[in-house]
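Subject: Structure handover

Hello,

Here is the structure for your files. Please keep it open while you read the notes below it.

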Amino acid sequence: MIEARHLRVLRTVAATGSFSAAARELGCTQPAVSQQMKTLESSAGTPLIVRTGRETRLTEAGEVLVRHATGILAGLTAAEEEMAAIAGLRAGRVRLVSFPSGSSTLVPAALAALRAAHPGTRVSLVEAEPPASAALLRDGDCDVALAFRYGGSAGEWDDLVVRPLLVDRLVAVVPDGHRLADTGTVRLGELADEPWIAGCPRCRGQLVDACEESGFTPRIDFATDDYPAVIGLVAAGLGVAMLPELALESVRPKGVRTLAVEPSVRREIVALTLPDLASVPAVAATLDQLVLAAAR
């Protein structure tokens, strides 16, 4: 019989590349990892790992088992949570991943409401931008992912449960003394000669696409995922930027002006989970609270 704990060890060995690195990741000893791998290979009836010096590689059978391990472990997690709810255990665990502007705006209200309604539910939070956040979900490393996409990204979440939250408009950010600071609205083409400050890789790609649709390629002098840093660079007169309105809610935009952009640029913000996890009570409650937080 193949045990879930052995599958977790195998997946960690595959991800880290060695027994010793897997032991550090799992918080156990290298001999313990080696013993669990021997037990798993005995259950499988075939070698799963080939050790070459300090490194390891998967056999063909090992690759097959790792490929199926994520779905197996996610299914086991869903079963454990649902059985606990049926048995009357008012508890649960949710591993949430979010992009930074979501972490500072939607997540706090949602988790505060979740704790008030279900004080036994534990939630952990890490940050990642899409598509990395969706990859964490598919790999079984989180239960709910807060993510966003632009118009050209349709279809990338077809294998996931998608809960729409809101549509976030992007605005131009210019220094206080900029020639267009008092216009209220700007066409992207009017900023063609400006130096630009860009954000995360997905946002950077969207900026380039939007500018090229307006007839120019932006000259990107700075790139940072840190929104206060973007505001600081713009306020210092080092360039202009285009930021989501949600991001501006989490910073103090001193020394800058925000302008509506024509043609408009928007991103869709959603909460994602795996089909096997969608009916787990703690996960479902988290999704519901994220929807309510976005509606406020």
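This is a predicted model: local features need pLDDT of at least 70, side-chain atom pairs count only at pLDDT 80 or more; totals for chains, interfaces and linings use all residues.

Residues are numbered from 1 along each chain as its sequence is written, and side-chain values use heavy atoms, with hydrogens and water left out.

Pocket

The largest pocket holds about 480 Å³ of space. (A pocket is an open set of points on a 1 Å grid over the protein atoms alone, with protein on both sides within 12 Å along at least five of seven lines; lining residues have an atom within 4 Å of a point. Grid points are joined across faces, edges and corners, and a volume is the space filled by probe spheres set on the points.) Its lining has 20 residues, and those nearest the centre are Arg-8, Arg-11, Arg-95, Gly-140 and Asp-141. Two or more lining residues come from each of H1, H2, helix H4 (60-86) and strand S3 (92-98). (Helices, H or I with at least four residues, and strands, E with at least two, are DSSP runs numbered from the N terminus.) H1 gives the largest share, 5 residues. By class, the lining of the largest pocket has 9 charged, 7 nonpolar and 4 polar residues. (Ala, Val, Leu, Ile, Met, Phe, Trp, Tyr, Cys and Pro count as nonpolar, Asp, Glu, Lys and Arg as charged, and the others, Gly among them, as polar.)

Two of the lining elements

In helix H2 (residues 19-26), Phe-19, Ala-21, Ala-22 and Ala-23 are buried. (Buried means under 20% relative accessible area, exposed over 50%, and partly exposed in between, with a 1.4 Å probe and protein chains only.) These buried residues pack against helix H1 (4-16), helix H3 (30-44), strand S1 (49-52) and strand S2 (55-58), where contact means heavy atoms within 4.5 Å. Gly-27 follows H2 and has a positive phi, near 75°.

Strand S3 is largely enclosed by the rest of the structure, because 5 of its 7 residues are buried. S3 and strand S4 (residues 121-127) run parallel and are joined by 7 bridges; strands pair if DSSP finds at least two bridges between them. Val-97 is opposite Val-126 in S4.

Cavity and cysteines

The whole structure has 1 cavity of 30 Å³ or more, a cavity being a set of grid points where a 1.4 Å probe fits but cannot get out. The volume of the largest cavity is about 130 Å³. Among its 13 lining residues, Ala-198, Gly-199, Cys-203, Met-242 and Leu-243 lie nearest the centre. Strand S8 (195-198), helix H7 (201-213) and strand S10 (241-244) each give two or more residues to this lining. The lining of the largest cavity divides into 11 nonpolar, 1 polar and 1 charged residues.

There are 0 disulfides in the structure, a disulfide being a pair of cysteine sulfur atoms within 2.5 Å. Cys-203 is buried, at 14% relative accessibility.

Cis peptide bonds

Most peptide bonds are trans. The bond joining Pro-130 and Pro-131 is cis, with omega about 10°, and Pro-131 is in the loop between S4 and helix H6 (132-138). Another cis bond runs from Glu-262 to Pro-263, with omega near -5°; Pro-263 is in the loop between strand S11 (256-262) and strand S12 (266-273).

Regards
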